[in-house]
Amino acid sequence: MKDKNHDKLYLYPIWVRIWHLINAIMFLALVFTGLTLQYSSVDFEIIKFNYSISIHNYAGIILSIFFVFFLFANRFTSNGNYYQFHIKGLYDRVMKQFMYYSFGIFKNEEKPFPITKERKFNPLQKLSYVLIMYFFVPIIIITGYLLLFPDIIPKNILGFSGIHFVDLIHIILGFVLSIFIIVHVYFCTIGKTPLSNFKSMINGWH
Amino acid sequence: MKKHILIVLFLAMALLIFSQNEAKTSVKHSKENSKCFACHGAHTYSFQNDMIERIVTKRMNPYFIIDSVLYYEQNHKSFECIDCHSYDYTEFPHNNDLRMEQMPSCLDCHEGDDATERFNFEEIYEEFHESVHSTKHSEEFTCWMCHNPHSYKINARTNENVLETIVYDNNICLSCHADVDKYQLISDKEKPNVIDSHDWLPNQITHFARVRCIECHAQITDDVLVAHQIQPKSEAVKKCAECHSKNAELLASLYQFRAKENRSKYGFFNAAMLSDGYVIGANRNVYLNILSGVIFGLVVLVIFIHAILRGVSK
């Protein structure tokens with residue numbers, strides 16, 4: 001679909017935008033409450049520990065429900081195509097994009113993989129999104145649910161307390177995903193203007 | 001072949017005799033106490049009723065049945081029954097007036113006792129008298145209400161399995177707070193409901209299984225190894241961060257008997273808790289904290305430089 005007045009692509013259908021918005025809000029709530037839980041203190045509480053627990057639990061459950069929705073939507077709509085990639089030549093493509101972000105962007109070089117209707121993500125984006133959405137997020141969701149029902153966790157895993165082991169994975173992945181969010185938001189400013197990608201998230205047009 | 005069988009039989013006999021002697025010598029006063037256990041260790045007892053001139057069998061009052069196995073495992077296992085109870089109990093039928101006998105309190109024996117000095121009984125006594133158990137109830141509330149004289153044994157110091165200690169110690173509290181009959185010995189309240197009164201507590205089952213009641217309901221002091229100053233309900237710990245933080249209170253109470261070197265193993269704060277569980281906020285890792293801080297700082301720095309270079313190159 002092309003807009004009559006602009007040379008723009010309609011890349012983000014309404015369900016993607018709603019999912020993305022909810023995902024973002026829940027993600028931020030989880031990162032914030034996750035930090036308050038991990039670094040809780042008697043002397044300084046931004047938010048009460050039990051409130052943090054409740055918000056973290058509810059946000060995690062909502063995020064996981066929308067994650068399942070995302071998996072189904074990607075399976076049954078063309079949006080899933082954007083997450084498929086070929087291993088052959090992947091390294092070269094990713095490195096090409098990496099070199100562009102590292103050097104080419106400062107020389108105002110042409111983007112090596114411009115966005116088209118068929119290519120919503122550049123290779124580096126695609127690789128990171130696939131890793132995040134199909135590997136890290138499922139693990140953090142599973143470990144999150146295990147921590148929600150700690151009695152089902154084995155008492156001992158690899159010599160560690162089972163809960164401790166599961167929580168370590170959950171916390172490390174939480175940190176990795178938090179770093180991803182920071183980088184993700186920064187990369188969103190690399191558009192025609194620093195705000196153009198954020199506008200796209202609202203109106204769907206790129 | 002016969003010779004071998006004889007040797008094996010001889011060794012087996014010797015082992016049997018030795019083990020029997022061992023069992024006998026390990027239980028002090030078992031012979032004297034066996035006269036009491038003959039009736040008080042069973043559900044029924046028999047005696048010669050001279051008035052009707054025959055042996056009769058009666059049911060033992062269940063509250064007067066003493067489990068001899070538990071008795072010979074507990075703190076005062078070397079005691080003869082009449083060390084605490086009147087000598088007149090050696091006569092049967094027991095004199096009815098004996099029911100009125102004044103039972104000894106802990107301090108009657110332990111005050112100034114060098115052998116038990118490390119337990120600081122005097123301080124425990126003072127703490128107990130400042131606790132709600134003492135201030136809100138009559139003198140009927142004695143040490144024996146919690147510490148069953150026939151079965152109580154120290155646990156927290158001696159049992160490496162903290163989860164077992166938690167169950168053991170919590171069962172002491174529940175012996176009243178979940179038992180209407182015993183509770184009403186000293187209270188007019190109809191039915192204590194521990195589940196309802198803790199409905200605000202997230203993950204109630206996990207908390208009940210992983211911490212002792214006294215962790216939140218007793219004032220922790222340095223002088224006494226196990227806190228005895230039970231606080232009023234309004235003073236109970238309700239702030240989660242008291243335990244869920246780097247300076248977790250649990251380390252000063254439940255885990256105080258764990259070796260100090262265990263407390264920072266592999267960089268984990270409060271590592272003494274880790275073998276039995278995990279406390280969010282208390283078991284953070286110093287190395288992971290540093291690593292995550294460095295990575296976070298580097299990411300922000302790279303983004304900052306990248307943004308500036310982008311701005312300059314436009």
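Me: Contact means heavy atoms within 4.5 Å. Which residues does Thr33(A) touch, not counting those up to four places away in sequence?

Reply: Thr33(A) touches Ser52(A), Ile55(A) and His56(A). This is a predicted model, in which local features need pLDDT of at least 70 and side-chain atom pairs count only at pLDDT 80 or more, while totals for chains, interfaces and linings use all residues. Residues are numbered from 1 along each chain as its sequence is written, chains are lettered from A and ligands numbered from 1 in the order in which they are written, and side-chain values use heavy atoms, with hydrogens and water left out.

Me: Where does Thr33(A) lie?

Reply: In helix H1 of chain A, residues 14-38. Helices (H or I, at least four residues) and strands (E, at least two) are DSSP runs, numbered from the N terminus.

Me: Is Thr33(A) buried or exposed?

Reply: Thr33(A) has a relative accessible area of 1%, so it counts as buried. The classes are buried under 20%, exposed over 50%, and partly exposed in between, with a 1.4 Å probe and protein chains only.

Me: And what does the Thr33(A) side chain reach?

Reply: The backbone oxygen of Leu30(A), at 3.4 Å.

Me: Now chain A as a whole. How do its elements run?

Reply: From the N terminus, α-α-α-α-β-β-α-α, which comes to 6 helices and 2 strands. Of the 206 residues of chain A, 40% are buried.

Me: What about chain B, how many helices and strands?

Reply: Chain B has 14 helices and 4 strands. Buried residues are 31% of its 314.

Me: On to the interface. How many residues are in contact?

Reply: 33 residues of chain B are in contact with 32 of chain A. The two chains bury about 3,000 Å² between them, 66% of it on carbon and sulfur atoms. Buried area is the accessible area (1.4 Å probe) that two parts lose on being put together, summed over both.

Me: Which three residues of chain B supply more than any other three?

Reply: Tyr278(B), His306(B) and Arg310(B), with 20% of the area that chain B buries against chain A.

Me: How many residue pairs in polar contact across it?

Reply: 9, both residues of each pair being at pLDDT 80 or more. A polar contact is a pair of N or O atoms within 3.5 Å; within protein, one must be able to donate a hydrogen and the other to accept it, and residues adjacent in sequence count only if both atoms are side-chain atoms.

Me: Which elements give two or more residues to the chain B side?

Reply: Helix H12 (204-210) and helix H14 (286-313) of chain B. H14(B) provides the largest share, 12 residues.

Me: How many salt bridges across the interface?

Reply: 0. A salt bridge is a side-chain nitrogen of Lys or Arg within 4 Å of a carboxyl oxygen of Asp or Glu. Over all chains, the structure holds 2.

Me: Which side chain does Arg212(B) meet at 3.1 Å?

Reply: Asp169(B), N to O. Arg212(B) is in the loop between H12 and helix H13 (213-217) of chain B, and Asp169(B) is in helix H9 (residues 162-177), so the pair ties together parts 43 residues apart in sequence.

Me: And what does Glu215(B) form a salt bridge with?

Reply: With Arg212(B), the closest N and O atoms being 3.0 Å apart. Shared partners join Asp169(B), Arg212(B) and Glu215(B) into one network. Glu215(B) is buried, with a relative accessible area of 4%; Arg212(B) is buried, and so is Asp169(B).
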